[in-house]
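Hi everyone, thanks for coming. Let me put the structure up, and then I'll walk you through a few spots in it.

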Amino acid sequence: MKPLEGLTVLDFSVFLAGPVCALRLADLGARVIKVERPDGGDLCRSLYISEHDVDGDSTLFHSINRNKESFAANLKAPEDAAAVRELIKTADVLITNFRPGVMDRIGFGYDAVRELNPRLVYGSISGYGDEGPWVRKPGQDLLAQALSGVMWLTGDGALGEGDEAAPVPMGLAVADMFAGHFMAQGLLALLVRRGVTGEGGLVEVSLLEAMLDFQFEVLTTHLNDGGRMPERSAVGNGHAYLSAPYGVYKTADGWLAVAMCPLPKLGEVIGLPALDDYDATQAFRERDTIKGLIAAHLKTQTTDHWLGLLEPADLWCAPVLDWPALMEHEAFSVLDWPQRITRPDGQAFTACRCPLRIDRSVLKSTKHAPSIGEQTQAILQELGRSPKAEANPE
């Protein structure tokens, strides 16, 4: 039995942050019903990150909406709204990520919903909270990254005085994903509280707050050391706040990541005695000079050569793998990571499984992402309501 079996989640959200949260709850055993517009459904269905599609929907949609059901409803239509209210009365969790005020205007805000179901746990994800000058700003991942300061941590810094180092966005929608995972934490916490008190509750998170928490280590440093700005290394920057040798280096045939290592020991192992001249304080102050010496030296041999020296000496390092190299490695195969999902028409889709293990077992599900309204009729019957008339084929 999965931990959340028996719970019903209504996923009103679109795109990424809310659906990621709902996906995690589904993988943990909850029944997730995606409430979406009959005319086009979740806009993520047409948000393509490659030219490939599955049954007319983007692979992105399928990756974050597998293991769910779909209930098609126009929330502005009285009959559909009434059906959704009946559905809410039976649910345990509701997730939304519309701009502040949207759900209130159509009658499905927290206060209205609480009247229908006091035990409901309601989760709301916004871009920047429900007050302040950014309330109406689009809650989009790249914009949240730009406003959060995180773009000044990644990528190499300036080479010298007067040079300008560009801000670098992260290559993933991290604001959306972190907000979704934080929302899952909050919902689970309120479900635990409901088990004690019998009452539901409201949990809120914004993309901006998720990104601030994501940076809590370095922001805490910034707030307590005089407000100094981060300084990215100009050579193989791995972390704006860590000293040499921390970073990524080119080798004769690839790339090597080197983490925290005592410089004298590193120099001894790789045959670079010049590192003996630098103490721990200089490892910060002269970081780029030191890393330049290391970078020039590591280019002279292959990645495997350096791994053969560094790993036996317990100096922390790893080859920089691309996806094919990772997936060919035995360490990946033992994870049992991909899961194969077959759609009703027989088309197969490979998805990533949930990263959690429960009672020493991986969590997998072969349930495909639904087509728009795929379960509407069945859910209406569960509610004791008459199924909708089929659309006229003409």
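Okay, one term before anything else: two strands pair if DSSP finds at least two bridges between them. Helices (H or I, at least four residues) and strands (E, at least two) are DSSP runs, numbered from the N terminus. Keep in mind that this is a predicted model, where local features need pLDDT of at least 70 and side-chain atom pairs count only at pLDDT 80 or more, while totals for chains, interfaces and linings use all residues. Residues are numbered from 1 along each chain as its sequence is written, and side-chain values use heavy atoms, with hydrogens and water left out.

So, the overall picture. The protein chain has 16 helices and 15 strands, and its C-alpha atoms fill a box of roughly 80 × 50 × 45 Å along the principal axes. Of its 394 residues, 44% are buried, meaning under 20% relative accessible area, with exposed being over 50% and partly exposed in between (1.4 Å probe, protein chains only).

Now look at strand β2, residues 31–36: it runs parallel to β5, and 4 bridges join the two. Ile-33 is the residue opposite Glu-69 in β5. And β5, residues 69–72, is covered on both faces, with Glu-69 and Phe-71 buried on one side and Ser-70 and Ala-72 buried on the other.

Next, two loops. Is Phe-108 buried or exposed? It sits in the loop between α4 (102–105) and α5 (110–116), and it counts as buried because its relative accessibility is 0%. Glu-131, in the loop between β7 (121–126) and α6 (141–148), is exposed because its relative accessible area is 65%.
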